[in-house]
Amino acid sequence: MTKITGGCLCGAIRYKIDGEPFRTANCHCDDCRKATGSAYATNLFFKEEQIKILQGTPKKFEHLADSHNTMIKEFCSDCGSQVFGSGANRPGVKNIKVGSIDDARFVKPQVNLYTAHALSCSYIDDKIDNFQGMPPST
Ligand SMILES: [Zn+2]
Ligand SMILES: [Zn+2]
């Protein structure tokens, strides 16, 4: 795989990543829709140490998910792009929002989450794992 680089819309935040995501998920939950301003979020999950911030300091916003876990969104305070996300229940793990990646053609989601909340205009690939909410194991 080519090296992953990315950042926010205005370029104030830039990052690079070593290695591949261990999981890539489309999330159709209401929170992801609000947070991204889009139909759903595509999140690539990495160990925190794989991610190196080259410049900029993301602003953080914390909120409670319906799982009662504290979720953290990290975004550019200048242009508003969401770049990273994490959850208090998964220390050491961060997700990258697909839209922040410079060349995201390699991205292949393995799962759709919260399909019960998906918009009718969103395509759900029935050849991958799909869950109406969160998978039972998590
Ligand atoms: Zn920015
Ligand atoms: Zn979500």
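In the hairpin of β1 and β2, where six residues lie between the strands, Gly11 takes a positive phi near 90°. The model is predicted, and local features need pLDDT of at least 70, side-chain atom pairs count only at pLDDT 80 or more, and totals for chains, interfaces and linings use all residues. Residues are numbered from 1 along each chain as its sequence is written, while chains are lettered from A and ligands numbered from 1 in the order in which they are written. The chain has one helix and 11 strands, where helices (H or I, at least four residues) and strands (E, at least two) are DSSP runs numbered from the N terminus.

**Overall build**

- From the N terminus on, the elements of the chain follow the order β-β-β-α-β-β-β-β-β-β-β-β.
- The radius of gyration of the chain, taken over C-alpha atoms, is 14 Å, close to the 14 Å that the globule rule (2.2 Å times the number of residues to the power 0.38) gives for 138 residues, so the chain is as compact as a globular protein of that length.
- Taken along the principal axes, the box filled by the C-alpha atoms of the chain is roughly 40 × 35 × 30 Å.
- Among contacts (C-beta atoms, placed from the backbone, within 7 Å) between residues at least 6 apart in sequence, 53% join residues at least 24 apart.

**Strand pairing**

- Strand β1 (residues 4-7) pairs with strand β2 (residues 14-17) in the antiparallel sense over four bridges, two strands being counted as paired if DSSP finds at least two bridges between them.
- Within this pair, Lys16 is the bridge partner of Thr5, and Ile17 is the bridge partner of Ile4.
- Strand β2 also pairs with strand β5 (residues 51-55), again in the antiparallel sense and over four bridges, and here Tyr15 stands opposite Ile53.
- An open sheet of eight strands, with mixed pairing, has the order β6-β7-β8-β9-β4-β3-β10-β11.
- At the edges of this sheet stand β6 (59-64) and β11 (129-130), each with a single partner strand, so one side of each is left without a neighbour in the sheet.
- Inside the sheet, strand β8 (residues 82-87) and strand β9 (residues 93-97) pair in the antiparallel sense over two bridges, with Phe84 opposite Ile96.

- Of the 138 residues of the chain, 30% count as buried (20 or more other C-beta atoms within 10 Å of a residue's own, against 12 or fewer for exposed and values in between for partly exposed, with C-beta atoms placed from the backbone).
- Leaving aside residues up to four places away in sequence, Phe75 touches Pro58, Lys59, Gly80, Ser81, Gln82 and Val83.

**An exposed phenylalanine**

- Phe22 lies in the loop between β2 and β3 (23-27), and Phe22 is exposed, with 11 other C-beta atoms within 10 Å.
- Phe22 and Phe46 are 24 residues apart in sequence and 6.1 Å apart in space, C-alpha to C-alpha.

Methods. Two residues are in contact if their C-beta atoms, placed from the backbone, lie within 7 Å.
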